[in-house]
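Good morning, and thank you for making time for this item.

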Amino acid sequence: MNYGTTPLKKMKAKLHLIFSAFMWGLNFHLLKIMLTSVHFMEAGFWRYLFGVIALTIYLKNSLPKWNTFKKHLKGILIVGILGLFCFNLLLFWGLLYTSSINASLIISLNPIVTLFLACYIFGTNISYKQIIGASISLLGVVYLLCKGDFLNLNQLELSKGDILVLLAMILSSFYHIWVKKYSINISNQHFTFFTNSICLILFALITPFFVEPHSINYAPQFWIASILFGVFGTAITYFLWNKGLSIIGASKAGIFMNIVPLSTAIITVLLGKELTQFHITSGVLIFIGLIVSQMKTKKTAPNRVDSSIHN
């Protein structure tokens with residue numbers, strides 16, 4: 001955390017985080033638009049193609065050296081392959097079978113899962129408030145999956161899409177653990193560039209096995225969604241999130257991820273789609289749970305968990 005920052009700098013950092021979280025909420029809708037025209041593997045390729053192009057342009061005067069890549073090869077490959085490629089694969093696949101709002105609410109459990117993973121892997125302490133918050137958030141997700149009626153719990157059958165998004169959420173939680181472990185001594189910008197490039201290469205190599213050669217004469221709305229998703233929802237969002245996080249700290253930045261399901265819900269309404277009561281209730285429960293889990297205790301453990309989020 002960067003101590004001694006001015007109130008204006010902190011305000012700018014919070015605006016960066018709010019914008020990033022809002023964009024991640026919009027990403028679910030952008031991806032839905034893309035999936036009406038292409039296979040989910042191809043959607044991943046276009047996202048990271050435009051994202052890496054934007055990152056390259058941004059870093060044109062300070063592109064990382066090959067030696068930097070070799071020095072941090074293990075971490076870059078783990079994060080690029082598992083934390084980005086496999087995460088996106090499961091998320092994109094899942095959104096074929098579930099709604100954008102369902103996906104955003106499930107993904108919003110990320111800070112809580114990251115907290116417990118860090119406790120298990122690094123031995124960090126968990127406060128009673130974090131346990132209570134996690135329980136409230138979990139209740140919200142169960143309420144969502146039961147479609148607003150806990151009597152359906154005995155007959156609960158997760159949809160294929162919900163299960164895939166849950167798996168993606170778990171991978172994204174591991175992503176933060178891996179970034180915490182492997183991004184030491186390398187700038188966030190270079191680490192983001194390398195890991196996103198690895199993800200793009202994998203999509204480029206594997207997509208031809210799932211998608212036969214065809215023309216790319218897609219509708220304008222597809223290209224608009226792809227460019228917005230790649231440039232704003234990937235490259236710019238990661239940069240702004242990392243910048244804001246470096247100023248106010250990861251543990252404080254994590255709470256801004258609560259904006260993601262709210263953003264998705266607002267955009268759902270603006271697009272004229274139905275938002276049900278159980279979506280709203282589950283979102284409120286998850287929001288309350290995450291706030292409680294972020295509340296400070298009187299005695300702070302020395303190895304407090306950072307629950308920073310990247311979608």
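Of the 311 residues in the protein chain, 52% are buried, where buried means under 20% relative accessible area, exposed means over 50%, and partly exposed lies in between, with a 1.4 Å probe and protein chains only. Please note that this is a predicted model, in which local features need pLDDT of at least 70 and side-chain atom pairs count only at pLDDT 80 or more, while totals for chains, interfaces and linings use all residues. Residues are numbered from 1 along each chain as its sequence is written, and side-chain values use heavy atoms, with hydrogens and water left out.

The protein chain has 13 helices and zero strands; helices here are DSSP runs of H or I with at least four residues, strands are runs of E with at least two, and both are numbered from the N terminus. The accessible surface of the chain is about 15100 Å², and carbon and sulfur atoms hold 67% of that surface; the areas come from the Shrake-Rupley method with a 1.4 Å probe, and for residues only the protein chains shown count as cover. Taking contacts between residues at least 6 apart in sequence, 89% join residues at least 24 apart, a contact being heavy atoms within 4.5 Å.

Let us now consider the packing of the helices. Two packed helices are described by the angle between their axes and the distance between the axes. The axes are lines fitted to C-alpha atoms, for helices over the stretch in contact, and the angles run from 0 to 180 degrees between N-to-C directions.

Helix α4, residues 73–94, packs against helix α8, residues 160–182, at about 160 degrees, with the axes 8 Å apart. α4 is therefore roughly antiparallel to α8, since angles over 145 degrees count as roughly antiparallel, under 35 as roughly parallel, 65 to 115 as roughly perpendicular, and the rest as oblique. The contact of α4 with α8 has 18 nonpolar, five polar and two charged residues; Ala, Val, Leu, Ile, Met, Phe, Trp, Tyr, Cys and Pro count as nonpolar, Asp, Glu, Lys and Arg as charged, and the others, Gly among them, as polar.

What does α4 meet in α2? The axes of helix α2, residues 40–58, and α4 come within 9 Å and cross at roughly 130 degrees, so α2 is oblique to α4. Phe40, Met41, Ala43, Gly44, Arg47 and Tyr48 in α2 are in contact with α4 residues Leu84, Phe85, Asn88, Leu89, Phe92 and Trp93.

Finally, the two residues. Beyond its neighbours within four places in sequence, Val141 contacts Leu105, Leu109 and Ile286. Between Val141 and Leu105, the C-alpha to C-alpha separation is 7.2 Å, across 36 residues of sequence.

Lys10 belongs to helix α1 and is partly exposed, because its relative accessibility is 36%. Its C-alpha lies 8.1 Å from that of Gly244, although Lys10 and Gly244 are 234 residues apart in sequence.
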